[in-house]
There are 2 protein chains.
Amino acid sequence: MDEAFVRLAHGNGGRLMRELIETVFAEALGNDFLDLRADAARLPAVAGELFLTTDGFTVEPLEFPGGDIGSLAVHGTVNDLAVAGARPLWLSLDVFLEEGLAREQLVRIVRSLAGAAREAGVAVVAGDTKVVPRGKGGGLYLATTGVGVRAAAQPLSLAGVRPGDRLLVSGPVGDHGTAVMLARGEFGLRGGVVSDAASVLPLAEALWSMAGLRFMRDPTRGGLAQVAHEIARGVGATVRLKQAAIPVRPGVAAVCEMLGYDPLYLACEGRVVAVVDPALAQTALAAWRALPQGREAALIGFVEEGPAWVVVETEFGGERLLEELEDDPLPRIC
Amino acid sequence: MDEAFVRLAHGNGGRLMRELIETVFAEALGNDFLDLRADAARLPAVAGELFLTTDGFTVEPLEFPGGDIGSLAVHGTVNDLAVAGARPLWLSLDVFLEEGLAREQLVRIVRSLAGAAREAGVAVVAGDTKVVPRGKGGGLYLATTGVGVRAAAQPLSLAGVRPGDRLLVSGPVGDHGTAVMLARGEFGLRGGVVSDAASVLPLAEALWSMAGLRFMRDPTRGGLAQVAHEIARGVGATVRLKQAAIPVRPGVAAVCEMLGYDPLYLACEGRVVAVVDPALAQTALAAWRALPQGREAALIGFVEEGPAWVVVETEFGGERLLEELEDDPLPRIC
């Protein structure tokens, strides 16, 4: 790809497309399985239950403090496998380029994506690029699909969750949502908030073998509130959260205060919510706090008999119902 | 999803998104593995080499004679596995919806996608939807990733291709490209050309167990010309095609004649090019012709010692070099 900008011809299946793939994608992502000439990557047999997950990524701006759409696309899919109790093995990558995207930016993002994959120990083994006409895309949309193999001692699901089980979160919530919001500059605000976008594999791995681990989830779109609702609905019980126990960085709290947002609805991209047997809570918390990613982990609530609601105990001793995210009160940040 | 049009709030992770997924996607695609509550689908262990492939889909118009973007997304991924010698097992689906897309059209397309998956015997087990703002998408972009297990007797690759090997095509070329071009109405042309978009699984399956099958490819973007170039480059030899032997429907030939296109560069979405040992050519051809999808299969050329060129013998006894698709002389149709 010699040109400074992506052209429609980079998607036509011909020479320019081949060169784009070779010089930008294969260059950064190359591995033994990624065969540019094959229709499908040939992989070794795997012993064990397979897991499959997929996610699409659209974020504006494409690069933000703490990450970019490339690393996000790897983390998101790695994290979905990790919290499901699976070790990520391979990824596929679909790229929707908008005509006019700067080559330099694409190269930066693909390198960042490759770095995130290396860090998580996964190989991008299959890919595809399409170029859409100017004005029909957002610069760059990505979709990543991950294949993993079961690594958790027991299958994780809400079916095993019982009243009394504890909720843990691995770190402060809302950093990613706030960082992207600020990076857009829409509100005339600036701030030092950095996205938490990261692989949660070490956090998930730390709990995989523990009896009493019921369920994990990474709170992305819809934030902690949405995960709490999924748990309440899936278990058919009340989730009770303690506001004072939920870690929120001062910078995030300040932005939310000014704009009237609740940080519990803001996306994280590197946190885990775990539901554990009460007997496991302190052990799991200690395991997380021993990791650099989990230093601020906290016990934030529990499941109790009752309607499928999410109740937040406020810092002043009161209670409020945390509504399910309904319409779109939040800027689109993921 | 009660509204007639997709809104940004259908992508926010909250109630509206959940309802969209339940009423439109799960309704059509439901199967034992598709767990709307899980981050990743849990699948049984598979004995054998795994294959992974992915493709992004952007087509305008979203529906055209003979198919739509939904069935295309399934066929494309199923076909990539099939020609690689793998039986497709599971698919994942990423959906990029543009704000304002009509609900009715989305429902039609998702149902068509589900029908194509049922026909190919694959289950869509994981999915994700994102909504992009009006003017940042093309109505609907899809990405599908497929997991398959090796079914061909031997691994298929260009490494096994030798001078003398024959090239077969399973049916007429350029139907898809022409049908989509006409459906756009850009040229003021109308015609009865119907896309060939279909699963090639039965065609691939018919050859999987045959010794002497070297390589298969479905000629999509860039058409037969691009596949011929891949073979020439991959083998390091000349591919020689006989113009008169390449099946082209009269309607396709007429449109190409008028617009000055070469049908060899037009996309197919339901054809296979196979490279076989010369001793297998007639058997393979007979196997294809016995199938409804392969009635018009033809022996179209061979590989010979020489530079990595593609030579076409014209109907008048001459020869021309078939260039690799360079810039973008063709309307974007896939």
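**A tour of the sheet and the two chains**

Start by selecting the open sheet of five strands, ordered S1(A)-S2(B)-S7(B)-S5(B)-S6(B) with mixed pairing. Strands here are DSSP runs of E, at least two residues long, numbered from the N terminus, and two of them pair if DSSP finds at least two bridges between them. You're looking at a predicted model, where local features need pLDDT of at least 70, side-chain atom pairs count only at pLDDT 80 or more, and totals for chains, interfaces and linings use all residues. Residues are numbered from 1 along each chain as its sequence is written, chains are lettered from A and ligands numbered from 1 in the order in which they are written, and side-chain values use heavy atoms, with hydrogens and water left out.

Now pick out the edges: S1 (41–43) of chain A and S6 (123–132) of chain B each have a single partner strand, so one side of each has no neighbour in the sheet.

Next, select residues 50–57 and 140–150 of chain B: these are S2 and S7, running antiparallel and joined by eight bridges. Click on Asp55(B) and you'll find Thr144(B) of S7(B) opposite.

Follow chain B into the loop between S2 and S3 (63–64), where Pro61(B) sits. The peptide bond from Glu60(B) to Pro61(B) is cis, with omega about 0°. Hop over to chain A: Glu60(A) and Pro61(A) are also joined by a cis peptide bond, omega about 0°.

Finally, show both chains. Chain B can be laid on chain A with an RMSD of 0.0 Å by a turn of 180° and a shift of 0.0 Å along the axis (least squares on C-alpha atoms of residues with pLDDT of at least 70 in both). The two copies are therefore related as by a two-fold rotation axis.

Technical notes: Helix = DSSP H or I, 4+ residues; strand = E, 2+ residues; numbered from the N terminus.
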